[in-house]
Amino acid sequence: MRRKFTAAALLSVVLFAATPAMAGPDSVSTGTYKELTEIQELMAAGRMNDAVDRLQTLLSEVEDDSLDKALTLQTLGYVEMSRENFPTAIELLKGALATQRLPQNVVYNVGYMVAQLHAALGQFDEALEFAEEWFKQLENPKPDQYMFMANIYAQVKRYADSAPYAEKAVAAAAEPREAWFQLLTADYFELQRYPEAAKTLLRMVQLWPDKGNYWEQLASVYMVTDDKARALASLKMAFDLNVLEKESTVKSLIQLCVMRGIPEHGGRLLQAAMQQELLPEDETYMEMLAQAWVEAREYDSAVATYSQIGERFGSGKAWMKVANIHVDVAEWEQAESAVSRALQAGLEPDDKGKALLLQGIARVEQGKFKSGKESLRQARTFSKSERSAANWLNYADEMKRQADWLAANR
């Protein structure tokens, strides 16, 4: 939180209605007034070094405990502000306040300057000490003044104090200020006030629909409140607007589709995301796509995708999934072919036993008893498929006897 202070912006608050008077501790002398006026002209011309020299001389001449000293310290503080010598400026302005000669309205303004300087240095606790006193005297605070307070409170993690100021700033602003909405949303998140966060984010996605992170935050709020339907709708809208950039967010969108019972929609979105290069066409996402087709019972698409995985990545497991889909619909020839591809690609020992078992079953179901029983005998040598293979061998023998009897009695 760093602000640029310029001499031109500060001149209007120096000599703030201080005019020469006859005498007294609360009036400025004619000589000091004249000197400060000339110094302001140097500041306006950008002659800061000359201004500092004149002010240092004046400071040595004015009386302690006088308005002259207060004004000189104040002006010198503003010069150092414009030169971004913030620690020095803070000490000078505090010195002006310590004289207790500045008019009350000016005390508040100088306090505000000190608060801003502390904030610029990241000293937010010190900034808040001055900012609170300054804000109390404002009769009709402006939106940016509300937001200044909101920022300070947020920086010291007093989010419950920050939020009301941010709310008033956002509501009173003539034009929407994106950074203000961001701060207000952050306050709500920290306070776990998720309904208010959702309401604010809905406004933000209307104002800045091309900002994908706002859509993502909105979806995350809905997920926290277990409103998965709205979370899905938010991400889908962002996807349609082509503003989702994070791979993890697109992945969440697909997973939400499956969770909400519309896996075919998730599959089509996943295809589109890969075509748009939002997601890589790697084995992980192609596996996710194939599983979406399985969940949607679009088996032809699932077989095609698993086959692509098997061919592209040499995945024996993918070919086994192709085989299992064919087995589920009793397509034994296609199942046998897929198992053969799986065995060629290579499988872990346990998976190999299952593959040989499935190969044997597919062959037996086609009447290929000799080769089928050979596959089943091999499957029987693996512990996890031993019992099933033995049962299928008995079944195969029975099937063979029936087939032989039918052939002999035709």
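A: Phe86, Ala89, Ile90, Leu93, Lys94 and Leu97 in helix 5 meet Val107, Val110, Met113, Val114, Leu117, His118 and Ala120 in helix 6. Contact means heavy atoms within 4.5 Å. By class, this contact of helix 5 with helix 6 has 11 nonpolar, one polar and one charged residues. Ala, Val, Leu, Ile, Met, Phe, Trp, Tyr, Cys and Pro count as nonpolar; Asp, Glu, Lys and Arg are charged; the others, Gly among them, are polar.

This is a predicted model: local features need pLDDT of at least 70, side-chain atom pairs count only at pLDDT 80 or more, and totals for chains, interfaces and linings use all residues. Residues are numbered from 1 along each chain as its sequence is written, and side-chain values use heavy atoms, with hydrogens and water left out.

Now the geometry. Helices (H or I, at least four residues) are DSSP runs, numbered from the N terminus. The crossing of helix 5 and helix 6 is left-handed: the near helix is turned anticlockwise from the far one by less than a right angle.

Next, the rings. The structure holds 12 aromatic pairs. Rings of Phe, Tyr and Trp (its six-membered ring) pair if their centres lie within 6.5 Å; planes under 30 degrees apart count as stacked, over 60 as edge-to-face. Tyrosine 112 and tryptophan 134 are stacked, at 3.9 Å centre to centre with 10° between the planes. Tyrosine 112 lies in helix 6 and tryptophan 134 in helix 7 (residues 124-136), so the pair ties together parts that are 22 residues apart in sequence. Both tyrosine 112 and tryptophan 134 are buried, meaning under 20% relative accessible area with a 1.4 Å probe, protein chains only. Ring pairs link Tyr112, Trp134, Phe135, Tyr146, Phe148, Tyr153 and Tyr165 into a cluster.

Tryptophan 208 and tyrosine 214 give an edge-to-face pair: 6.3 Å centre to centre, 65° between the planes. Tryptophan 208 counts as buried at 15% relative accessibility. Tyrosine 214 is buried too, at 2%.

Methods. Helix = DSSP H or I, 4+ residues; strand = E, 2+ residues; numbered from the N terminus. Buried < 20%, exposed > 50% of the residue type's maximum accessible area, 1.4 Å probe, protein only.
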